[in-house]
Amino acid sequence: KPFKRILLTGAAGGLGKVLRERIKPWADIVRLSDLSDMGEPGEGEEIVRCDLADKQAVLALMDGVDAVLHFGGISTEAPFDAIMQANILGVANLYEAVHKAGVKRVVFASSNHAVGYYRTTDMVDASMPTRPDSMYGVSKCFGESLSRYYYDRFGIETVCLRIGSSFPAPLNKRMMTTYFSYDDLVECLRCCLAAPRVGHTIAFGMSDNASAWWDNRHAAFLGYKAKDSSSRFDGMFPDSGDYPAADDITATYQGGKFLLDGPQYN
Ligand code: NAI
Ligand code: 15L
């Protein structure tokens, strides 16, 4: 197997549960971590329940790890205090631990909401400035910058995967463009871990959908080729005469509903 021990954070989450089943062939041991209950460890699994905001716990979590899939944290807009603990302090603790433990490569589950303030008429690539659409999006930009710094300073490689919408199926019309099937996610992660060198790479996590807002040219070297497309859900969200209204910001900007929420500063 390519790795001795992979750490998956966020293992109790929607994507974590999927990945728990799918990444086993990549490592002798998969260490699963989350704040929430993850059940009993299966064969080849280790379970470590901890808060990413707890520095000592995260330092211990990294012992013996050779690659990290960092999927833990708050996954939607939330009060800033909570975002700060899980996604800002959490990612800082993670990288300090990665550095101390000598981990060579991380895949960071970033989000399309790092660029959600681009318009739905824009085509965004990794060289363009971030335009977060929420405190959540800002926290993902922080993770992207922090990982850049740890690469420049220490050579720790990271792929920041700006995931679109990774669910069993698109949940609304917007997700016809942002859909990222579970199979494509797994294949993309496989490429992120298998590529000989990734340096610090920003990639967009999307399937081969009929419409796209993101151009993955800067990550083409990873060799990821989507096999799925949202077009198999065609017809699920028929156009209606009054939607979207001309002034509907959730249809004007890529981030959709995330534009309506924040900032929830308290
Ligand atoms: P999720 O909310 O289902 O899972 C996140 C997990 O992180 C949860 O199990 C939660 O308990 C854990 N967590 C939260 N705060 C924590 C803390 N302080 N310490 C330890 N664990 C903590 O989210 P999902 O959908 O599985 O997403 C996983 C990652 O991928 C997240 O980082 C999310 O931002 C990112 N992502 C997901 C997308 C999707 O379409 N599912 C789209 C873009 C990004
Ligand atoms: C995200 O970043 C969220 O984690 C996920 O729950 C979805 O809202 C997704 O973006 C999306 O934009 O559809």
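Two strands are said to pair if DSSP finds at least two bridges between them. Helices (H or I, at least four residues) and strands (E, at least two) are DSSP runs, numbered from the N terminus.

By this criterion, β1 and β4 are joined by four bridges and run parallel. The structure is a predicted model in which local features need pLDDT of at least 70 and side-chain atom pairs count only at pLDDT 80 or more, while totals for chains, interfaces and linings use all residues. Residues are numbered from 1 along each chain as its sequence is written, and chains are lettered from A and ligands numbered from 1 in the order in which they are written.

**Overall form**

The protein contains eight helices and nine strands. Its C-alpha trace spans about 55 × 40 × 35 Å along the principal axes. The radius of gyration, taken over C-alpha atoms, is compared with a globule rule of 2.2 Å times the number of residues to the power 0.38. For 266 residues, a compact globule would have a radius near 18 Å, and the protein agrees because its own value is 18 Å.

A residue is buried if 20 or more other C-beta atoms lie within 10 Å of its own, exposed if 12 or fewer, and partly exposed in between, with C-beta atoms placed from the backbone. Buried residues account for 43% of the 266 residues. Two residues are in contact if their C-beta atoms, placed from the backbone, lie within 7 Å. Among contacts with a separation of 6 or more, 69% involve residues 24 or more positions apart.

**Strand pairing**

| Strand pair | Bridges | Direction |
|---|---|---|
| β1 (residues 3–9) and β2 | six bridges | parallel |
| β2 and β3 (residues 45–49) | five bridges | parallel |
| β4 and β5 | four bridges | parallel |
| β5 and β7 (residues 157–163) | seven bridges | parallel |

Individual partners can be followed from strand to strand. Thr9 has Ser33 of β2 as its bridge partner. The chain passes from β1 through α1 to β2 in a right-handed β-α-β crossover; a crossover is right-handed if, with the strands pointing away from the viewer, the path from the first strand over the helix to the second runs clockwise. Ser33 in turn stands opposite Val48 in β3. Strand β2 (residues 27–34) is largely enclosed by the rest of the structure, because six of its eight residues are buried.

On β4, Ala67 is the bridge partner of Ile6, and Ala67 also stands opposite Arg105 in β5. The chain crosses from β4 through α3 to β5, again as a right-handed β-α-β crossover. Val68 stands opposite Val106 in β5, and Val106 is the bridge partner of Thr158 in β7.

Strand β5 is mostly covered, with seven of its seven residues buried. Arg105, Val107, Ala109 and Ser111 point one way from β5, whereas Val106, Phe108 and Ser110 point the other way.

Leu8 lies in strand β1. Leu8 counts as buried because it has 27 C-beta neighbours inside 10 Å. Leaving aside residues up to four places away in sequence, Leu8 touches Gly16, Leu19, Arg20, Ile23, Val30, Leu32, Leu69 and Phe71. Leu8 and Val68 are 60 residues apart in sequence, yet their C-alpha atoms are 6.1 Å apart in space.

**Ligand surroundings**

A residue is near a molecule or strand if its C-beta atom, placed from the backbone, lies within 6 Å of it. Around ligand 1 there are 26 residues, of which Gly13, Leu15, Ser75, Ala109 and Ile163 come nearest. At least two residues of this shell are supplied by each of α1 (14–22), α3 (80–101) and β5 (105–111).

The shell around ligand 1 comprises 11 nonpolar, 13 polar and two charged residues.

Ligand 2 is surrounded by Ser75, Thr76, Ser111, Asn112, His113, Ser165, Met175 and Thr178. The shell around ligand 2 divides into one nonpolar residue, seven polar residues and no charged residues.

Note on methods
Nonpolar A, V, L, I, M, F, W, Y, C, P; charged D, E, K, R; others polar.
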